[in-house]
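Thanks for coming. I will take a few minutes to walk through one structure, and you can follow along on the screen.

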Amino acid sequence: MLDNINLLTLVPTLNIQLLLDGIFIGAIFALAAYGLALVWGVTNVKNLAQGEFVIMGGYFTWYLGTFGVHPIVAMPIVIAIMFVFGWVLYITIIKYVVTRDLFTSLLATFGIALVIQQALNLAFGPEVRTARSDFGTLSFFDGLVTIAEIKFIAFGLCVVLAAVVVTFMKKSRMGQAIRATAQNARAARIMGIDTDQVYAFTFALNSAICGAAGVLISMIWVIQPYYGIVHSIRAFVIVTAAGLGNLPAVIVTGLGLGAAEQYSGFVLGAEFQQATAVGLLVLVLIWRQIELARHRQVVQ
Amino acid sequence: MSYMKSLLAATAGAALMSGVMVGSATAKVEGDTIVLGSAISLTGKYSSNGVDSQNGYDIAVKRINEMGGVTVGGKSYKLKVVYYDDESTPARTAQLVERLVQQDGVEFILGPYSSPTTIAAAPITEKYKVPMVEAEGASRALFNKGYKYLFAVLSTSEQYLASAISLAAEIAEQNGKKPSDLKVAMVFENDAFSLDVRAGVVEDMAKYGMSAIIDDKMPADLSDISATLTKVKAVKPDLLVISGHNKGAVTAARQIKELQVDVPMIAMTHCEGAKVVAQFGPEAEGYLCPTQWAETLSYSDKYFGSAAEYDKLFKETFEGYKNVPYQSAQASAAVLVFKEAFEKANSFDREKVRDALAATDTMTFYGPIKFSEAGNNIAKPMVLRQVQDGNFNVVAPSKWASHKVVWPRVVPTN
């Protein structure tokens with residue numbers, strides 16, 4: 001472990017590699033996490049199938065790729081398919097659990113996750129897949145820092161997508177309705193907002209965002225019908241740490257998590273990479289608890 | 001009323017069950033058919049390899065039956081396999097093997113697909129003293145429990161990458177370097193199979209006095225090893241060994257390319273299963289990949305002829321195979337082993353068949369088969385193939401090598 005820290009001080013450019021890798025992958029985590037925060041905040045459904053949506057998006061990308069469609073071109077198609085999928089899922093299942101207690105919605109979305117896994121396995125088989133973007137690699141500092149071009153592109157797409165979603169939430173009628181519903185669903189209804197429509201739209205939007213994340217994941221990492229859980233866990237870690245309805249915090253946490261994973265992977269070894277993510281979450285929760293306790297004392 | 005109904009249903013159910021029991025008491029040999037049983041993964045995460053194995057069993061059964069079947073006591077018997085789908089879950093495998101033995105009366109079991117499912121099946125076959133010949137479980141955990149009814153035709157997992165270490169030592173000596181100066185970077189998934197592979201590597205490294213410069217273990221759900229590979233780039237090892245099932249191989253192939261990792265020798269398991277050549281093309285050039293079997297090897301037997309002839313017959317029989325997976329070849333070999341054991345025992349007595357299995361010493365298209373006391377095959381070596389111009393060419397051990405190893409590995413440019 002000390003050797004590895006030593007290595008980082010001897011060859012400082014390695015830090016750039018780790019930071020860039022972390023930030024680029026963190027941006028994709030942030031995307032899926034933002035979708036989760038949206039659904040959680042608006043409908044109070046904790047979607048355990050989040051990761052499965054991501055993998056589903058990845059599979060559609062891969063499948064379109066077998067017909068010669070480039071992943072980047074496939075992105076809008078996948079987003080559209082996933083939006084419709086999310087809407088249908090809302091009407092058929094989620095609608096009936098939105099008003100129920102926490103466990104009903106957890107069970108329902110867990111069930112959906114299982115069904116998606118098995119359906120993907122039946123449809124596409126259990127092989128590990130990856131979509132080919134055919135982009136090259138950029139190298140800096142005598143090849144000491146190398147970044148796949150696709151990671152730059154994915155990062156750019158993440159930024160664009162986030163900007164689109166934020167503008168949509170701020171400016172559009174539907175975006176305002178979503179925010180109003182999140183603040184107080186009952187009041188929103190009194191004001192004439194069709195909250196059922198808002199819920200359906202939010203769920204579909206989340207599914208579309210996950211689909212977009214899936215497109216990027218299929219080009220950068222690997223997909224397999226059962227790998228959704230990895231993305232679900234990360235999304236939950238990020239949202240729990242960042243809080244609901246706080247997009248900047250979700251983005252910062254996502255990027256931070258990506259970088260923290262890279263550093264712990266380098267210094268402590270790959271076996272601690274994910275443990276670090278969860279360890280950090282525990283620290284954040286403890287810190288929050290202390291803050292809350294202090295706040296309570298002040299109020300008293 | 002409903003009470004009566006359910007009572008009736010229960011009685012009928014029980015009657016049906018007992019009917020099955022009575023009817024199946026002699027199911028191990030029905031008339032002139034010997035019934036083998038297997039719980040195998042036809043759905044779930046192992047389904048593609050599970051189906052490959054099933055095809056391997058089926059083609060061998062078909063071939064043996066075409067050649068006149070199994071001769072026991074002067075009478076000729078046909079072979080038949082009863083399959084259940086274990087859904088790739090070990091708990092289900094155990095249940096189904098129990099069902100095969102208890103309810104269906106099967107007395108000879110062909111193994112499931114994968115180490116975890118075989119580990120779950122072995123205690124059951126052991127409990128009922130039913131011989132199991134398995135072809136798809138390579139884990140060490142199968143062969144250190146003192147099982148008496150378990151026989152495995154494949155090489156065990158410690159052997160998978162150990163040959164890469166000896167090859168590296170050989171090359172170092174040719175270049176006037178001492179093998180003990182070699183630095184090895186190890187990246188293994190943190191699961192039973194990959195850690196077995198690692199144990200074999202560590203053992204062989206100790207033999208040559210090599211040192212591990214990186215020893216990272218990836219958790220099962222990690223799809224990113226770029227941090228580890230960044231370390232590899234910085235410390236420049238002489239050999240990089242990777243094992244983490246199909247995901248590990250795909251992830252490594254992609255990230256080695258993206259990070260332009262330049263190591264003279266890279267060895268990894270599951271290259272074929274992960275289809276690294278089809279998915280990455282020239283980027284997979286130079287990888288060393290261990291395999292249980294290759295159709296280019298010069299093994300042969302009287303059932304299928306040479307390994308190449310088996311390959312041809314398999315492709316003709318089953319559609320959609322560009323390459324015949326070794327999983328299929330070893331499954332076929334397991335059936336051959338059973339056939340020879342029946343004939344040698346000249347009986348269907350489980351104990352006699354078991355003893356005949358234990359005494360197996362035969363040559364097949366899949367390679368030589370001879371079992372140790374623990375039940376693993378000690379006669380067949382693991383072969384190492386290198387990706388050369390998109391083909392898998394056997395480069396080690398030198399006795400079976402068809403091509404020379406390309407060293408150092410040339411990093412493909414964009």
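Predicted model: local features only at pLDDT ≥ 70, side-chain atom pairs only at ≥ 80, totals over all residues.

Let's start with where chain A meets chain B. Chain A puts 34 residues into this contact, and chain B puts in 31 residues. On the chain A side, the elements that give two or more residues are helix 1, helix 2, strand 1, strand 2, helix 10, helix 11 and helix 12. Which of them gives the most? That is helix 2 of chain A, with five residues. By class, the side of chain A that touches chain B has 16 nonpolar, 15 polar and three charged residues.

Helix 2 of chain A comes back when we turn to the core. The largest nonpolar core has 223 residues. Those with the most contacts inside it are A:Leu31, A:Ala33, A:Ile238 and B:Val337. Helix 2 of chain A supplies the largest share of this core, 19 residues. Both domain 1 and domain 2 of chain B also give residues to this core, so it lies between them.

Take A:Ile238 from that list. Leaving out residues up to four places away in sequence, A:Ile238 touches A:Phe29, A:Ala30, A:Ala33, A:Val250, A:Thr253, A:Gly254 and A:Leu257.

Next, a helix pair in chain A. Helix 7, residues 173-183, packs against helix 9, residues 195-220, at an angle of about 105°, and their axes are 10 Å apart. An angle from 65 to 115 degrees counts as roughly perpendicular, and helix 7 and helix 9 of chain A are therefore roughly perpendicular to each other. From helix 7, A:Met174, A:Ala177, A:Ile178 and A:Thr181 meet A:Thr195, A:Val198, A:Phe201 and A:Thr202 of helix 9. This contact has five nonpolar, three polar and no charged residues.

Now the domains of chain B. Domain 1 covers 25-155 + 296-370, and domain 2 covers 159-291 + 382-396. Taken over C-alpha atoms, the centres of these two domains of chain B are separated by 31 Å. Domain 1 gives 10 residues to the contact between them, and domain 2 gives nine residues. On the domain 1 side, four residues are nonpolar, five are polar and one is charged.

Last, a loop residue. A:Leu268 sits in the loop between helix 11 and helix 12 of chain A. A:Leu268 counts as partly exposed because it has 16 C-beta neighbours inside 10 Å. From A:Leu268 to A:Gly68, 200 residues apart along the chain, the C-alpha separation is 41 Å.

Notes. Residues numbered from 1 in each chain as written. Chains lettered and ligands numbered in written order. Contact = placed C-beta atoms within 7 Å. Helix = DSSP H or I, 4+ residues; strand = E, 2+ residues; numbered from the N terminus. Nonpolar A, V, L, I, M, F, W, Y, C, P; charged D, E, K, R; others polar. Axes fitted to C-alpha atoms, helices over the stretch in contact; angles between N-to-C directions. Parallel < 35°, antiparallel > 145°, perpendicular 65-115°, else oblique. Domains from an automatic or database assignment. Buried ≥ 20, exposed ≤ 12 C-beta atoms within 10 Å, placed from the backbone. Core = buried A, V, L, I, M, F, W, Y, C linked by C-beta atoms within 7 Å.
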